[in-house]
Amino acid sequence: MMSRILVLTSSTGSGHDMRALAFAQWVKVIHGDSITVHIEQVIENSSWLGRFGVWVYNTIHKLFPALHNIYFFIVELFIFTHSGKVSFGGKYYRKLLHDFQPDLILSVHDSTNRGYFEDAKRMLGDSVRCVTYCGEFSGGYGFSRNWVNPSADLFIARTSQCRDYAQFLGMAPERTRVFHKFLPPDCFEPMIQAAEKQEYLKQLGLDSSKFIIFLATGGYGANHHLLYLDALLPLADHVQVIVICGRNETVLEKVDQWSSQHPQLATYVEGYSNRVTDFLQVSNAVITRGGANTTMEALHFDCPLLYDSIGGLMPQERCTVNYFLDNGAACLIKRPENLTHIVSEWCRFGQEYKSICSRLDALHYAEDPRQLIEMILGR
């Protein structure tokens, strides 16, 4: 009987940690206290070099995403050295294995597969189950080769395109599965109904009859909110905005100031928010970076996507953005004026907006995450 599960993640962005937390929450819902889940941010906890690398990643993400086209390959080569065992941070990780004695190791990060599974099998024996959940939407440029460790007992991909690419990189087909909707339990609670939407928006000081744009951000606050607010200002008669700023107090202060200086555009502003799923449900479109987790939530709640690519796309974001652009289910914003043009059409709720909604809906699958949890557990 499986009783101890170690989840390996890292805070490069926020999506990996969110999936780790979602797993722990579902295990609690299904199995109560019979299974202990330990979430370990193993890259930054195991060495100063790992902490520095995570800091560099998040700093580049906020300031100049295009630089990731260089940093991506540095990290790829660095982690690829973990072919037989964990080198940097290995002492910390192997002590963790010795102390916790997990029955299952679940990796939700591309840099926590190679070497990590080999060390676990070597120390704990072949009975320890090693599983990867890959949150990418497609393969190709930006898909880390380090997602794929052929020694894994199971590789679970978010989409069939991701699964096929993992097989191309050496994962055995019989040890691959696809599960689309890895989201926390609160995403599957009763949704805000149409009759409740009007009252919810009223509490935010917004009018439900107007087109609602949600300016989202990752937990570390990467965004271009002020540029986009300026771009939406000419559409103030037809558009309103919900803004969250993540853990970026400077941006929060600037957005608050902008809002007070431009009262003609109705704007609701929060810093770090726990209401992202609510805002997606009451919005008519979301502007976000190409993060896989926010994208999956937008898809789940049928909220059309506008991808922020000012400053360039990170390689990892391309796996998500390309999937939706190739399916005609999202739009890419390269300059603020792109947003003005797109929203001026969408805010009429005409055929162009209905078409994007329809193509987004075609990518949506009805799934029960309980099935994913049992798949990971090998049941």
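This is a predicted model: local features need pLDDT of at least 70, side-chain atom pairs count only at pLDDT 80 or more; totals for chains, interfaces and linings use all residues.
Which residues in α9 meet which residues in α10? Residues are numbered from 1 along each chain as its sequence is written, and side-chain values use heavy atoms, with hydrogens and water left out.

**View 1. Packing of α9 with helix α10 (residues 249–261).** His225, Leu226, Leu229 and Asp230 of α9 meet Val251, Lys254, Val255 and Trp258 of α10 (contact means heavy atoms within 4.5 Å). These residues comprise five nonpolar, one polar and two charged; Ala, Val, Leu, Ile, Met, Phe, Trp, Tyr, Cys and Pro count as nonpolar, Asp, Glu, Lys and Arg as charged, and the others, Gly among them, as polar. Helices (H or I, at least four residues) and strands (E, at least two) are DSSP runs, numbered from the N terminus. The angle between α9 and α10 is about 15°, and their axes are 10 Å apart; axes are lines fitted to C-alpha atoms, for helices over the stretch in contact, and angles run from 0 to 180 degrees between N-to-C directions. The two helices α9 and α10 are therefore roughly parallel (angles under 35 degrees; over 145 is roughly antiparallel, 65 to 115 roughly perpendicular and the rest oblique). The crossing of α9 and α10 is right-handed, that is, the near helix is turned clockwise from the far one by less than a right angle.

**View 2. Packing of helix α5 (residues 90–100) with helix α6 (residues 116–124).** The axes of α5 and α6 lie 10 Å apart at an angle of about 45°, which makes α5 oblique to α6. Their crossing is right-handed. From α5, Tyr93, Arg94, Leu97 and His98 meet Tyr116, Asp119, Ala120, Met123 and Leu124 of α6. Six of the contact residues are nonpolar, one is polar and two are charged.

**View 3. Packing of helix α1 (residues 15–31) with helix α16 (residues 369–377).** With an angle of about 95° and axes 10 Å apart, α1 and α16 are therefore roughly perpendicular to each other. Residues of α1 in the contact include Phe23, Trp26 and Ile30, and those of α16 include Pro369, Ile373 and Leu377. The contact divides into nine nonpolar, one polar and two charged residues.

**View 4. The largest cavity, with a volume of about 60 Å³.** Twelve residues line this cavity, and Ala216, Asn223, His225, Ile287 and Asp308 lie nearest its centre. The elements giving two or more residues to the lining are α9 (225–232) and β10 (285–288). On a 1 Å grid over the protein atoms alone, a cavity is a set of points where a 1.4 Å probe fits but cannot get out, and lining residues have an atom within 4 Å of a point.

Terms used. On a 1 Å grid over the protein atoms alone, a cavity is a set of points where a 1.4 Å probe fits but cannot get out, and a pocket is an open set with protein on both sides within 12 Å along at least five of seven lines; lining residues have an atom within 4 Å of a point. Grid points are joined across faces, edges and corners, and a volume is the space filled by probe spheres set on the points.
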